[in-house]
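Subject: Structure for you to look over

Hello,

Here is the structure I promised. Please open it alongside this note; what I found follows below.

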Protein chains: 2
Amino acid sequence: MKKAYISKNVIRRLPRYLRKLDELRAAGVERISSGELGARTGLTPSQIRQDFSCFGEFGQQGYGYNVASLREEIAHILGMDLQRSVILVGTGRIGQSLIENISFERLGCRLMGAFDIRPELIGTCIGDIAVQNASGMRNFIREHGIDIAILSTNRTYAHSIAEGLIAAGIRAIWNFTEEEIDPGESGVIVESIHFSDSLLELSYYLSQQRNDR
Amino acid sequence: MKKAYISKNVIRRLPRYLRKLDELRAAGVERISSGELGARTGLTPSQIRQDFSCFGEFGQQGYGYNVASLREEIAHILGMDLQRSVILVGTGRIGQSLIENISFERLGCRLMGAFDIRPELIGTCIGDIAVQNASGMRNFIREHGIDIAILSTNRTYAHSIAEGLIAAGIRAIWNFTEEEIDPGESGVIVESIHFSDSLLELSYYLSQQRNDR
């Protein structure tokens with residue numbers, strides 16, 4: 001199943017299902033129909049059945065999905081049962097807020113280190129992670145076989161630092177710099193959060209409202 | 001054209017096209033073919049032609065797209081030519097980093113105010129915006145007809161504050177709390193950036209690599 005092709009749109013919805021299933025589990029719900037799940041996710045039951053059919057059948061006609069096992073299967077597909085090693089590169093406000101607000105362990109990730117070039121930040125702690133001098137970053141990545149680098153530096157340095165990360169053998173870059181990071185032929189995965197894209201999508205939907213303009 | 005239906009996936013790609021077209025314009029490129037644009041965006045030329053056909057024809061067979069006019073049309077579709085009034089609700093690290101890193105003016109937005117409940121933050125400045133007491137938020141929204149609220153509070157308060165924003169007549173909530181904000185029947189637009197969803201997508205693509213597991 002692991003290598004089976006699943007479309008980007010389905011992958012984009014999986015974490016959403018996961019959040020809903022966690023809520024349901026916390027509420028003590030053991031089974032849910034595609035209809036109920038649709039009502040909670042704003043998707044159609046047929047869309048949901050179609051999404052889940054991409055990676056095998058969980059539901060039984062008229063019986064619904066087992067919340068716990070569906071949740072575990074989605075978590076497995078998303079690689080949450082693997083321990084990803086993560087470093088933070090750029091410990092400014094955005095980087096710090098990510099460390100404070102994201103429960104990496106729950107997502108199957110382990111934060112191993114944080115790096116910056118600013119002397120006033122080196123040696124300070126973010127949570128229980130001490131900020132190291134970026135000069136030691138490449139060796140750290142090689143020694144610890146780091147999987148993911150969170151790139152949250154000033155955008156001015158984004159490209160040069162990304163090159164360094166790729167050269168050091170990082171496998172994925174989680175990019176918050178608003179710059180377009182091109183992994184070239186490296187095969188490195190780049191997942192970017194472009195804040196401005198999201199705001200422009202919101203702006204579009206505003207402009208579609210009857211009372212707009 | 002404004003009311004014409006454009007699929008969510010096309011809308012999601014428009015800001016990406018916009019960034020590329022801005023780069024091209026800055027580089028002095030006047031025309032580009034769907035093939036070149038595809039190479040720069042990682043999309044197929046046919047996908048690009050299909051996307052642009054959703055809102056009228058810009059290209060000419062064998063002649064390519066006019067970068068400037070295509071850029072302006074996309075900006076118009078995204079509502080960037082409208083002045084959206086924006087407030088920031090929750091002036092912690094994430095909120096502050098958004099103010100520092102996003103050029104609201106360029107995106108057709110104007111930051112009008114910032115609000116928090118923490119006495120130590122009220123009266124401080126973020127850029128040239130003074131943080132106000134959240135108790136005055138509803139009146140401020142009504143008086144200034146605020147369009148968009150950036151919700152970047154502690155997730156504990158997310159739902160109650162969102163209710164207050166909706167009651168005050170906000171038109172859209174840009175949600176960074178990692179909570180699911182339900183606008184109910186209000187018609188308020190909610191655009192959420194779920195950091196953990198993005199990290200899980202990245203984790204999925206890592207798990208698809210040959211050398212993984």
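**The sheet of chain B**

In chain B, strand β3 (residues 84–89) and strand β7 (residues 148–151) run parallel and are joined by 4 bridges. Within that pair, B:Ile87 stands opposite B:Ala149 of β7(B). Bear in mind that this is a predicted model.

β7(B) then pairs with β8(B), again in the parallel sense and over 4 bridges. Here B:Leu151 faces B:Asn175, a residue of β8(B).

Strand β8 covers residues 172–175 of chain B. B:Ala172 and B:Trp174 point one way, while B:Ile173 and B:Asn175 point the other way. All four are buried. In general, side chains in a regular strand alternate between the two faces of the sheet.

On from there, β8(B) is joined to β9(B) by 4 bridges, and the two run parallel. B:Ile173 stands opposite B:Val190 in β9(B).

Which order do the strands take overall? The open sheet of chain B has 7 strands, in the order β5-β6-β4-β3-β7-β8-β9, with mixed pairing. β5 (125–126) and β9 (189–192) of chain B are at the edges. Each has a single partner strand, so one side of each has no neighbour in the sheet.

**Strand β4 of chain A**

Now to chain A. Strand β4 (residues 109–116) of chain A is mostly covered, with 6 of its 8 residues buried.

β4(A) is joined to strand β3 (residues 84–89) of chain A by 6 bridges, and these strands run parallel. A:Val89 has A:Phe115 of β4(A) as its bridge partner. Together with helix α5 (residues 93–101) of chain A, β3(A) and β4(A) make a right-handed β-α-β unit.

β4(A) also pairs with strand β6 (residues 129–133) of chain A, running parallel over 3 bridges. In that pair, A:Asp116 has A:Asn133 of β6(A) as its bridge partner.

**Where the chains meet**

How many residues of each chain are in contact with the other? The count is 65 residues of chain A and 65 residues of chain B. The area buried between the chains is about 6,400 Å². Carbon and sulfur atoms give 56% of that area.

Between chain A and chain B there are 6 salt bridges. The polar contacts come to 23 residue pairs, both residues being at pLDDT 80 or more.

Which elements of chain A give two or more residues to the side that touches chain B? They are α1 (8–26), α4 (67–77), α5, β8 (172–175), β9 (189–192) and α8 (195–207) of chain A. α8(A) gives the most, with 13 residues.

**A spot to check: B:His194**

One salt bridge to look at joins the side chains of B:Glu180 and A:Arg19, at 2.2 Å, N to O. Both residues also touch B:His194.

B:His194 lies in the loop between β9 and α8 (195–207) of chain B. Is B:His194 buried or exposed? Its relative accessible area is 10%, so B:His194 counts as buried, the cut-off being under 20%. Leaving aside neighbours within four places in sequence, the contacts of B:His194 are A:Arg19, B:Glu178, B:Glu179 and B:Glu180.

Best wishes

Conventions:
Residues numbered from 1 in each chain as written. Chains lettered and ligands numbered in written order. Predicted model: local features only at pLDDT ≥ 70, side-chain atom pairs only at ≥ 80, totals over all residues. Heavy atoms only, no water. Buried < 20%, exposed > 50% of the residue type's maximum accessible area, 1.4 Å probe, protein only. Pairing = 2+ DSSP bridges. Right-handed = clockwise from strand over helix to strand, strands pointing away. Contact = heavy atoms within 4.5 Å. Buried area = accessible area lost by both parts, 1.4 Å probe. Salt bridge = Lys/Arg side-chain N within 4 Å of Asp/Glu carboxyl O. Polar contact = N/O pair within 3.5 Å; in protein donor to acceptor, adjacent residues only side chain to side chain.
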